[in-house]
Amino acid sequence: MGQTPSSRLPSSTSSGGDAAGVDYTAALPDDILAVVFSSLPHSDRNSCSLVCRRWLAVDSSSRRRLSLHARATLLAAAPSLFHRFPAVSTLSLTSHRRTSADSIGDDALAAVALGCPNLTRVKLRGLHSITASGMAALGAACPKIRKLSVSSCAFGSKGVSAIINGYANLEELSIKRLRGLSEPITISTSSSLRSICLKELYNGQCFAPLLTSSSNLRVLKLFRCSGDWDPLLEEIAVKISGIIEIHLEKLQVSDRGLAALASCSYLEVLRLIKTPECTDAGLTALAGSCRLLRKIHIDGWKTNRIGDLGLIAIANKCLNLQELVLIGVNPTAVSLKLIATNCSNLERLALCGSETFGDAEISCIASKCSALRKLCIKGCPVSDHGMESLAIGCPKLVKVKVKKCRGVTTEFAEWLRASRGSVIVNFDTIRGNEVQDLSVSESGILENGGDEAVSVDHDRVVELPSGSNGRSSLWKARMSVVVGRHFIASAFRGWSLGSICPRNT
């Protein structure tokens with residue numbers, strides 16, 4: 001920024017120009033050039049940094065995000081690397097399984113922390129050599145860290161205690177597949193955490209002291225953690241009253257736990273995914289007190305334990321409902337009519353794998369849901385006849401997605417496109433003997449990497465080549481949690497005025 005625009009006028013000797021040697025960026029201030037760089041894919045940005053010294057300097061000073069292979073050689077490279085990128089605030093350190101034996105240790109992590117004192121977001125993955133001492137050093141050198149995501153590390157309970165007691169400004173914590181959880185977390189100070197996400201933990205109950213003492217907690221996400229969670233949910237509900245979002249997936253939780261969560265009267269978002277012990281009774285108890293609910297996602301796993309009774313309770317109590325996703329749940333026109341009538345703000349509706357959602361139900365939706373803007377249907381027994389009601393119903397509808405519904409034909413989809421030219425219609429049929437996949441993973445709906453508190457913008461990273469599928473992919477394949485993900489994920493990933501898909505809250 002030391003030069004004025006006039007001192008950088010195009011000349012035949014300028015670098016970074018066209019074939020004639022003219023640099024058309026010379027008159028641009030450095031901050032404007034940095035904005036241009038920020039919109040480039042990381043590979044193109046890396047190439048731009050090699051064009052000339054000025055571009056190198058602008059790129060280095062404006063980088064905010066780095067994603068690095070966390071090999072042992074990083075210890076020697078850290079000082080020069082972070083001298084080049086002094087403004088980094090988001091950092092991702094990853095060691096893949098095939099290189100885990102060569103991953104960084106506490107000394108390298110401490111060196112990285114000293115080079116990046118302004119870090120606010122950190123993601124650590126596969127760093128098996130990091131201990132509680134390394135995590136403590138990171139917190140001491142980077143006091144501004146607000147979001148921390150840890151996956152497949154091994155620093156155990158002591159490392160988590162170091163995080164909670166040493167990261168004074170930490171607001172979001174995500175922990176996945178952490179080894180060494182042999183004892184409860186020790187807490188010596190009040191927690192500033194507002195969001196906690198625990199995934200695939202064998203002994204997740206050791207987080208009880210943290211979960212029950214985080215008075216500022218607003219978002220709680222629990223995925224596939226072993227143990228009976230009903231008693232802990234009861235304690236959380238009593239001590240933490242300000243929770244606004246809860247996500248429970250493949251968890252041992254029953255109506256007892258749901259009824260306890262009724263104490264969270266400020267709850268706005270509920271995601272109940274593959275919890276087979278939860279029934280209409282628990283959902284009714286929760287809906288009776290949580291009247292501010294705006295978004296509800298239920299994957300009933302085709303157990304038929306949640307149906308019309310629970311949905312009727314939602315219709316009667318949750319009048320602010322804006323988004324409803326039902327997977328493996330069998331609602332009928334009785335409950336859907338009440339929801340459509342009472343929940344006048346309902347804008348987004350998805351039904352997947354429902355055996356009872358047929359022509360009568362879609363006709364009910366079309367005639368009653370006047371505010372509906374996005375509609376997703378997959379693997380339901382609807383037909384062309386029932387879908388015709390969308391031609392005149394739902395006046396605010398902007399997008400419809402229909403997939404693997406045997407009774408809906410391509411001809412109808414074309415007819416609907418012609419009838420409602422302003423509505424985007426996405427249509428897909430079942431091919432041959434194709435098997436319908438009707439469930440979703442935890443990140444299949446409204447999630448952008450739900451297991452990660454840190455989202456690294458790969459348009460701005462230095463380098464992070466994709467590795468092997470690794471343990472995570474194998475685990476997901478075994479547990480069958482990604483089947484059907486692509487439909488709902490693509491339907492809901494970016495709900496906005498230009499897209500059918502809802503985004504994270």
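This is a predicted model: local features need pLDDT of at least 70, side-chain atom pairs count only at pLDDT 80 or more; totals for chains, interfaces and linings use all residues.

Me: How far apart in space are Ile104 and Thr73?

Reply: In sequence, Ile104 and Thr73 are 31 residues apart. In space, C-alpha to C-alpha, the distance between Ile104 and Thr73 is 7.8 Å.

Me: Let's zoom out. What share of contacts between residues at least 6 apart in sequence join residues at least 24 apart?

Reply: The protein has 18 helices and 15 strands. Buried residues make up 54% of its 505 residues. As for contacts between residues at least 6 apart in sequence, the share joining residues at least 24 apart is 72%.

Me: How many residues are in the other core, apart from the largest nonpolar one?

Reply: The largest nonpolar core has 119 residues, and Leu93, Met135, Leu138, Phe207 and Leu390 touch the most other members. Leaving out residues up to four places away in sequence, Met135 touches residues including Leu109, Leu148, Phe155 and Tyr167. Apart from that core lies another one, with Leu33, Ala34, Cys48 and Val58 among its members, and its size is eight residues.

Me: On to β13. Which residues point the other way from Lys374, Cys376 and Lys378?

Reply: Five of the five residues of β13 (residues 374–378) are buried, so the strand is largely enclosed by the rest of the structure. In a regular strand the side chains alternate between the two faces of the sheet. Here Lys374, Cys376 and Lys378 point one way, and the ones pointing the other way are Leu375 and Ile377.

Me: Which residue of β14 is the bridge partner of Leu375?

Reply: β13 pairs with β12 (residues 348–352) in parallel over five bridges, and in that pairing Arg348 stands opposite Lys374. β13 also pairs with β14 (residues 399–403), again parallel and over five bridges. In β14, the bridge partner of Leu375 is Val400.

Me: Which helix does the chain pass through from β12 to β13?

Reply: This is a β-α-β crossover, and a right-handed one. Between β12 and β13 the chain goes through residues 359–368, which form helix α14.

Me: Is Lys404 buried or exposed?

Reply: Most residues other than glycine have a negative phi, and most peptide bonds are trans. Lys404, in the loop between β14 and α16 (410–419), has a positive phi of about 55 degrees although it is not a glycine. Its relative accessible area is 7%, so Lys404 is buried.

Me: And what is the relative accessible area of Lys302?

Reply: Lys302 lies in the loop between β10 (295–299) and α12. Its phi is positive too, near 55 degrees. Lys302 is partly exposed, with a relative accessible area of 41%.

Me: What is the volume of the largest cavity?

Reply: Rolling a probe the size of a water molecule over the atoms shows where empty space is left. A search of the whole structure finds one cavity of 30 Å³ or more. Its lining includes Leu272, Pro276, Asp299 and Arg305, and the volume is about 50 Å³.

Terms used:
Residues are numbered from 1 along each chain as its sequence is written. Side-chain values use heavy atoms; hydrogens and water are left out. A nonpolar core is a set of buried Ala, Val, Leu, Ile, Met, Phe, Trp, Tyr and Cys residues joined through side-chain atoms within 4.5 Å. Buried means under 20% relative accessible area, exposed over 50%, partly exposed in between (1.4 Å probe, protein chains only). Contact means heavy atoms within 4.5 Å. Helices (H or I, at least four residues) and strands (E, at least two) are DSSP runs, numbered from the N terminus. Two strands pair if DSSP finds at least two bridges between them. A crossover is right-handed if, with the strands pointing away from the viewer, the path from the first strand over the helix to the second runs clockwise. On a 1 Å grid over the protein atoms alone, a cavity is a set of points where a 1.4 Å probe fits but cannot get out, and a pocket is an open set with protein on both sides within 12 Å along at least five of seven lines; lining residues have an atom within 4 Å of a point. Grid points are joined across faces, edges and corners, and a volume is the space filled by probe spheres set on the points.
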